[in-house]
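These are my notebook entries on a structure that I opened for the first time. I set down what I looked up, entry by entry.

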Amino acid sequence: MNTLITGILPQRLWSKSFIFIMLANALLFMAFEMMLPTLPLFVSSLGGGASQIGLVTGIFMFSAILVRPFTSVLVARMDKKFLLIIGILICALTTGAYYLSSGIGMILVLRVIHGFGFGLATTYFATIATENIPRDRRGEGMGYFGVGETVAISIGPLIGTSLLLQYNYQSLFMGGMFILLLALLMAVFVSRKPQTNSNSESVASHTASVKLIEKKVLFPSLLILLVGIAAGSIMSFVALFAAERGFSNIAWFFFIVAIASFVVRLFSGTMFDRLGPGSVLLPSAVFAIVGLLALIVAQNQVHFLIAAALYGFGFGAIFPAIQTWCVNLVEEHEHENAMASFFNFFDLGIGGGSLLLGLIASAFSYTMVYAVSIAVLVVYILLYLVYSQKQKERRAFTGGIH
């Protein structure tokens, strides 16, 4: 049995396939992050207001959510690598097509299609990466997988805003498309892990129907939904908030967020493995809350960037910790379902949060947007504390019986 497992699972972490899948995933998110500070400005240039900017972000996330429950069904009928390539190609073509938009309606159509591709690509990137990581090094491997993504995210907004400032929107969208085509090329060189017939049958039996939610990861998925709401406030409105306050170089805000996320991931994964989820999930939420508070009270550019660092320390630790938690809660043949639930709840938080926060921004102010985000993270902390207490009581009860 051990020989069989050794033959199936890759024994080296830094295989060619793992390196290519990590880099390709990083490029996908780089292109995505290039749009964060710039697409709201493009929508605004076409006459869109705060609520329409929120809708542009929200509808993208909702379309990604709609396609992910079908990822396991699709894998039962088509090769996972082929589906990944299709997802990346959709992202590339729609990114280039944004420049052709003459109004908000056309942008919304493209965002729906783009969301479908993004939903496919993010799910299959995560599950193929898991396949190419030795089981006994999963925490380490997923940490590196996330670090590669974070490094790319750190320069994405800088590239996006630089292209826009030095050239125009056409250069921005064509540049994003080129990056995604490079990611597609790298994905071509990724090898799938071979599977035995029995394992293939097991996978097929578990992917014969659409599974909207993987119940085993329901609670961590609920937490990532709340994190997504807060993240939506940064993704959709921080550029406009900064312009309102007179802060310049919004790209540096995203750069600092990403650098802080990179730094915290160097040790947060080890804390998770040794001390459990609470050692990461609670302190990181506090950092995120303090970062949002600092954003609200920021009076100058330095304060603005300090807020970015604090928020980055928080979000950078939360996201991979909950993702790893979800993977650990399920069997290997359930990875698609677990990752679909994880990303769907996160995107639902971003999408729904952007819509709700856009209405709040229109009715009140961007300051109120971040006050609501803080309240959401407080709820996150309270839910985790209640969950932890119930888990302790359950373990004590079970121990008493035995």
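Which residues have the most contacts inside the largest nonpolar core? I found that they are Tyr 370 and Tyr 380, in a core of 129 residues. I note that a nonpolar core is a set of buried Ala, Val, Leu, Ile, Met, Phe, Trp, Tyr and Cys residues joined through side-chain atoms within 4.5 Å. Helix α11 (residues 218–245) supplies the largest share of this core, 17 residues.

Entry on the source. I record that this is a predicted model, in which local features need pLDDT of at least 70 and side-chain atom pairs count only at pLDDT 80 or more, while totals for chains, interfaces and linings use all residues. Residues are numbered from 1 along each chain as its sequence is written, and side-chain values use heavy atoms, with hydrogens and water left out.

Entry on the whole chain. I looked up the secondary structure and found 16 helices and zero strands; helices (H or I, at least four residues) and strands (E, at least two) are DSSP runs, numbered from the N terminus. Of the 402 residues, 57% count as buried (buried is under 20% relative accessible area, exposed over 50%, partly exposed in between, with a 1.4 Å probe and protein chains only). Among contacts (heavy atoms within 4.5 Å) with a separation of 6 or more, 87% join residues 24 or more positions apart.

Entry on Tyr 380. Leaving aside residues up to four places away in sequence, I list Leu 223, Leu 226, Val 227, Leu 281, Ala 285, Ile 318 and Ile 322 as touched by Tyr 380.

Entry on a helix pair. I found that the axes of α7 (residues 104–131) and α15 (residues 335–363) come within 9 Å and cross at roughly 135 degrees. Axes are lines fitted to C-alpha atoms, for helices over the stretch in contact, and angles run from 0 to 180 degrees between N-to-C directions. The residues in this contact include Thr 122 and Tyr 124 of α7, and His 335 and Phe 343 of α15.

Entry on Asn 344. Beyond residues up to four places away in sequence, Asn 344 touches Ala 64, Ile 65, Arg 68 and Pro 69.

Entry on Glu 140. I located Glu 140 in helix α8 (residues 138–166); at 33% relative accessibility, Glu 140 counts as partly exposed. The C-alpha atoms of Glu 140 and Leu 266 are separated by 9.9 Å, although the two are 126 residues apart along the chain.
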